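The text below goes through the packing step by step.

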Amino acid sequence: MILSLKRIGAIFIKELHDLKTNINILIMYIIPIVIAYIYDKLIPGMPEGFALAFGLLFLVVMVGMYVPSMMIAEEKEKKTLGVLLLSPATPMEVFIGKGLLTFVSVLVSIVFLVFISSGNGLAHLDIILVGGILTTLFCIMVGFIVGLLSKNQMATGVVGTPVYMALLLIPMLGSMGSPTMEKIAKAFPTYYYNDMLYMALSGLEEKKTLLDMMPEVGILLGSLIIAFGLLAFVYRKRGLEQ
Amino acid sequence: MIKVNNLSKSYGEKEALQGISFGVKEGEIFGFLGPNGAGKTTTLKILTGQLAADGGWAKIMGFDVGKDTNQLHAYIGVVPEETNLYERLTVKQNLDLFCRLYGCSTEQTDYYLDQIGMTQDKNTQVKKLSKGMKQKVLLIRALLHNPKILFLDEPTSGLDPASAETIHKILLELNSEGKTILLTSHNMEEVDKLCHNVAFLNQGQIVEAGSPVELKLEHSTRRMRVLIDEGDGLVSKELDMDGEESGAILSQWMTDNKVRSIHSCEPTLADIFVKVTGREFS
């Protein structure tokens, strides 16, 4: 398959223009930043690194999944995908163009969040970014799957909310001391990103460098491959327009 | 240019197309007429590669629409029935996207906006445009890559008469520049005015086809309506077109300066549709 960078770029530019005027989606970028700021600056006694870790996990999971799911569902609802696919753009280019904007914008937001947060986030930017990149890519694919399974934007709430909640809350609950919850949480890739953030930012763990975290990186990579396979399966079954 | 042979398509139990065949020549405007649910949009979606047929075949410029879809897209422009533009984007952003996808210069956008008289609206968000203006944007979008064939699904549906008239003018100009056009409509007057050839589609079958003039002559009752001035008011009379008697009566009225107007009584395309299907056209 030959991919055209020009066509991917065209879809990226379109999504960028669209994002600038889409209040619903812009709010999703602001929420984790505001939450992290409140935990970091306004609530005393928060464990070290908690505010930044929570903000990052929320950003990567919620924005990473919500934005692509809405992009696909809106195109289906407004019947714009049909005409996009009548052009030389292939479905793969459409996915990459849309996913690229989410990916770049989440990475920019991650860096921004690290810069405005107190603590040692900057010192562990490599861990935050590597884990963030892999988890964001995973979440974008899950978001696409939610978009493909939803008939319209409203339906992304029904299809997506349980998935978003599971990937966001269960890893956090798993790290709160319950062995049963931890076992369940280990089935979710976001648990490992949360774990990486905790190890890097809490100041309590011995494993602090990226090299120490290769098992977590490996699991995230494996999750990425599984998510890609699942996306390919759902796309083959349902196509882009159903 | 377009050849369709025994094309069929079903949605579950419902047969949307029951083996239709027709052809469209280069430079022709061809109209598909029929009520809602007749199979017009299904035909158009199959021809543009958006839907797979269950049986039969269709070729456009020699390309099989089911197999050579990607090559075909370079030669066709499609105006769908629904106004599927990106509402939050401006007119220019919408059009530039497709210029980039087709690999043509974004100057094309400015050229067509100028041609259609929408240059001043190029930075307006699509959601702020009227339905007629959105329809023009859809038309420009279909033209950006200079296709040889245009497919239009109900191009003036829901438009006010002035906007519909503008779209008609644009289509006639495009046709005079050599574009082949296939359109679907349930507006008989529109089809009568624009199309060189039409096909009536009813319940997935072509029930009549030909040029509007030929069809009207073929189904004509060969009578004429004459408006005459009887001195105390205007009276409408009907005469056969054939025969010495009608000639003599008409001649006498003309000699007496009574004739105010003469119209042939050929049926409209709507009348013909009702006649051949036994079904009201709605």
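At what angle do the axes of helix α2 (residues 23-42) of chain A and α3(A) cross, and within what distance do they come? They cross at roughly 170° and come within 8 Å; axes here are lines fitted to C-alpha atoms, for helices over the stretch in contact, and angles run from 0 to 180 degrees between N-to-C directions. Therefore α2(A) is roughly antiparallel to α3(A), a label for angles over 145 degrees, while those under 35 count as roughly parallel, 65 to 115 as roughly perpendicular and the rest as oblique. Helices are DSSP runs (H or I, at least four residues), numbered from the N terminus.

The model is predicted: local features need pLDDT of at least 70, side-chain atom pairs count only at pLDDT 80 or more, and totals for chains, interfaces and linings use all residues. Residues are numbered from 1 along each chain as its sequence is written, and chains are lettered from A and ligands numbered from 1 in the order in which they are written.

On the α2(A) side, the residues that meet α3(A) include Ile25(A), Tyr29(A), Ile33(A) and Ala36(A); their counterparts in α3(A) include Phe54(A), Phe58(A), Met62(A) and Tyr66(A). By class, this contact has 19 nonpolar, one polar and one charged residues. Ala, Val, Leu, Ile, Met, Phe, Trp, Tyr, Cys and Pro count as nonpolar, Asp, Glu, Lys and Arg as charged, and the others, Gly among them, as polar.

Helix α3(A) also packs on helix α6 (residues 125-149) of chain A, where the axes come within 7 Å and cross at roughly 30°. The two helices are therefore roughly parallel. The crossing is right-handed, meaning that the near helix is turned clockwise from the far one by less than a right angle. Among the residues that meet are Val60(A), Gly64(A) and Pro68(A) in α3(A), and Gly132(A), Thr136(A) and Gly143(A) in α6(A). This contact has 17 nonpolar, seven polar and no charged residues.

The largest nonpolar core has 125 residues, and those with the most contacts inside it are Leu56(A), Leu57(A), Val61(A), Leu197(A) and Phe151(B). Such a core is a set of buried Ala, Val, Leu, Ile, Met, Phe, Trp, Tyr and Cys residues joined through C-beta atoms within 7 Å; buried means 20 or more other C-beta atoms within 10 Å of a residue's own, with C-beta atoms placed from the backbone. Helix α3 (residues 50-77) of chain A gives the most to this core, 18 residues.

Between the chains, 17 residues of chain A are in contact with 17 residues of chain B, contact being C-beta atoms, placed from the backbone, within 7 Å. The largest share of chain A's side, six residues, comes from α1(A).

Technical notes
Contact = placed C-beta atoms within 7 Å. Buried ≥ 20, exposed ≤ 12 C-beta atoms within 10 Å, placed from the backbone.
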